[in-house]
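Biologist: Please take me through the assignments for this model and set each value against its criterion.

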Amino acid sequence: MDETLQMYWELYNELCPNELMIHKNHNPLRDFEDEFIEGPLLELGCGQSSFLVEYSKTGKEIFAIDNEEFQLQLLKKRIETYSGKEARKLHLLNITIPEKEIPNEIFSIVIMSDFLHFFTLENCSKIIDQIALRTQKGSLIYIKAHSKFHSYFKSQDPGMHEFYKHFFSETDFPKLFNEKYFERIMFSDTVQSVRSKFSREMEIKWHERVLDEYQVFDHEEREEELKTTKEETNVGYIQCIYRRR
Ligand SMILES: C[S@@+](CC[C@H](N)C(=O)[O-])C[C@H]1O[C@@H](n2cnc3c(N)ncnc32)[C@H](O)[C@@H]1O
């Protein structure tokens with residue numbers, strides 16, 4: 001992970017304690033909690049997942065996958081703080097998807113939040129095919145990913161498109177989730193044009209820290225650098241939940 005991105009996640013850890021993180025994260029899985037089946041929970045690209053922290057109190061076994069050790073360690077600390085002894089049911093796996101296989105378990109819930117947009121649609125399809133083999137009737141799969149309405153989609157910067165390999169639209173999902181095995185139970189296509197005060201202030205603070213790190217102290221230069229961070233642009237994302245037939 002790029003050093004500046006690591007600074008973002010460290011700042012997030014500093015400014016966003018567990019209760020606030022869970023409160024701020026819209027979790028559509030809550031609507032289906034009464035129908036959760038037995039079995040472990042998996043998150044791919046978990047970072048400091050608010051879902052895993054929230055569900056660590058359910059007593060479910062948790063498989064948390066990320067290819068950044070510092071994120072896994074921050075998640076572990078969060079879960080230990082939030083649910084104490086239940087944290088012993090946590091498996092932290094430093095794995096790069098899709099190169100390494102998903103653990104050979106049958107999961108009741110699979111979460112991919114802000115993760116699939118790092119892959120081509122072809123690789124997303126390979127990931128979902130593995131998930132089909134590791135779920136059973138009643139398992140739920142939650143996805144949140146950047147949509148084509150995200151301002152980054154129109155970026156002229158090739159680096160942006162190397163980082164975010166795919167921006168989703170509704171028509172992508174029937175290609176990923178075979179109707180024979182999956183039923184779509186929730187879908188939303190959201191465009192947020194103004195950030196929350198918390199997000200805006202956090203992003204500005206992050207950018208200021210990056211400027212400090214690179215020793216950019218000239219007032220005018222800093223203001224010029226911070227201009228785009230202070231501007232509001234569209235954040236477009238799709239959320240959906242599929243249920244395994
Ligand atoms: C944008 S963060 C999302 C974190 C969390 N799911 C959330 O919604 O807050 C993406 C996470 O995926 C991890 N990641 C990116 N590519 C990965 C890969 N190929 N395999 C495993 N983890 C990956 C990153 O290290 C990062 O922690």
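Biologist: What makes the pair Arg243 and Glu183 a salt bridge?

Modeller: The closest N and O atoms of Arg243 and Glu183 are 3.5 Å apart. A salt bridge requires a side-chain nitrogen of Lys or Arg within 4 Å of a carboxyl oxygen of Asp or Glu, so the pair of Arg243 and Glu183 at 3.5 Å qualifies. This pair links distant parts of the chain, with Arg243 in strand E7 (residues 235-244) and Glu183 in strand E6 (residues 182-192), 60 residues apart. Helices (H or I, at least four residues) and strands (E, at least two) are DSSP runs, numbered from the N terminus. The model is predicted: local features need pLDDT of at least 70 and side-chain atom pairs count only at pLDDT 80 or more, while totals for chains, interfaces and linings use all residues. Residues are numbered from 1 along each chain as its sequence is written, and side-chain values use heavy atoms, with hydrogens and water left out.

Biologist: Why is Glu183 called partly exposed?

Modeller: The relative accessible area of Glu183 is 30%. Buried means under 20%, exposed means over 50%, and partly exposed lies in between (1.4 Å probe, protein chains only); Glu183 at 30% is therefore partly exposed.

Biologist: How many residues separate Lys197 and Glu201 in helix H8?

Modeller: Lys197 and Glu201 are four residues apart in helix H8 (residues 197-213), and are therefore separated by about one helical turn. They form a salt bridge, the closest N and O atoms being 3.3 Å apart. Lys197, at 56%, is exposed, whereas Glu201, at 43%, is partly exposed.

Biologist: What does the salt bridge between Glu232 and Arg200 link?

Modeller: The side chains of Glu232 and Arg200 meet at 3.3 Å, N to O. The pair links distant parts of the chain: Glu232 is in the loop between H9 and E7, and Arg200 is in helix H8, 32 residues apart. Salt bridges that share partners join Arg195, Arg200, Glu203 and Glu232 into one network. The whole structure holds 16 salt bridges.

Biologist: Why is Leu74 called buried?

Modeller: Leu74 has a relative accessible area of 15%, and is therefore buried. Leu74 is found in helix H4 (residues 69-83). Not counting residues up to four places away in sequence, Leu74 touches Trp9, Asn13 and Gln48, where contact means heavy atoms within 4.5 Å. Leu74 and Glu10 are 64 residues apart in sequence and 8.6 Å apart in space, C-alpha to C-alpha.
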